[in-house]
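Please open the structure in your viewer and keep the selection tool at hand.

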Amino acid sequence: AVLCHSALPPSEFGPWPAAVPVQIHAKEEDPWFVEDRESAEHIATTAHGELFLYPGAEHLFADSSTTDYDPDAAALMEERITAFLAPWA
């Protein structure tokens, strides 16, 4: 069993399918993400993968009900996700 909090190593489910787009959003120094960053970077190297790193260490930076909330990073993340999903809207 693999313990992770952000991104499973691809070996857990096989290589990421090249035709399936993926975005990963995390804070650079998030202690929950640091241990999974290598897996996230690997997944993001797929033909349709993107890894977005934001400055800081907050894990729940997009959740306005927590003290981790970072309105600037959350807004940028939302903008990127909206653009990502636009072809399927």
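In which helix do glutamate 41 and arginine 37 both lie? Select helix α2: the two residues lie there, four residues apart, about one turn of the helix. (Helices, H or I of at least four residues, and strands, E of at least two, are DSSP runs numbered from the N terminus.) This is a predicted model, in which local features need pLDDT of at least 70, side-chain atom pairs count only at pLDDT 80 or more, and totals for chains, interfaces and linings use all residues. Residues are numbered from 1 along each chain as its sequence is written, and side-chain values use heavy atoms, leaving out hydrogens and water.

Glutamate 41 and arginine 37 form a salt bridge, with the closest N and O atoms 2.9 Å apart; the term denotes a side-chain nitrogen of Lys or Arg within 4 Å of a carboxyl oxygen of Asp or Glu.

Next, select Ser39, Ala40, Ile43 and Ala44, which are buried in α2 (residues 37–44). Buried means under 20% relative accessible area, exposed over 50%, and partly exposed in between (1.4 Å probe, protein chains only). Viewed down the axis of α2, the buried residues fall within an arc of 135 degrees, so they line one face of the helix; the arc is that of the directions from the helix axis to the C-beta atoms.

Now select lysine 27, which counts as buried at 1% relative accessibility. Aspartate 70 forms a salt bridge with lysine 27, at 2.7 Å between the closest N and O atoms. This pair links distant parts of the chain, 43 residues apart: aspartate 70 is in the loop between β2 and α3, and lysine 27 in strand β1.
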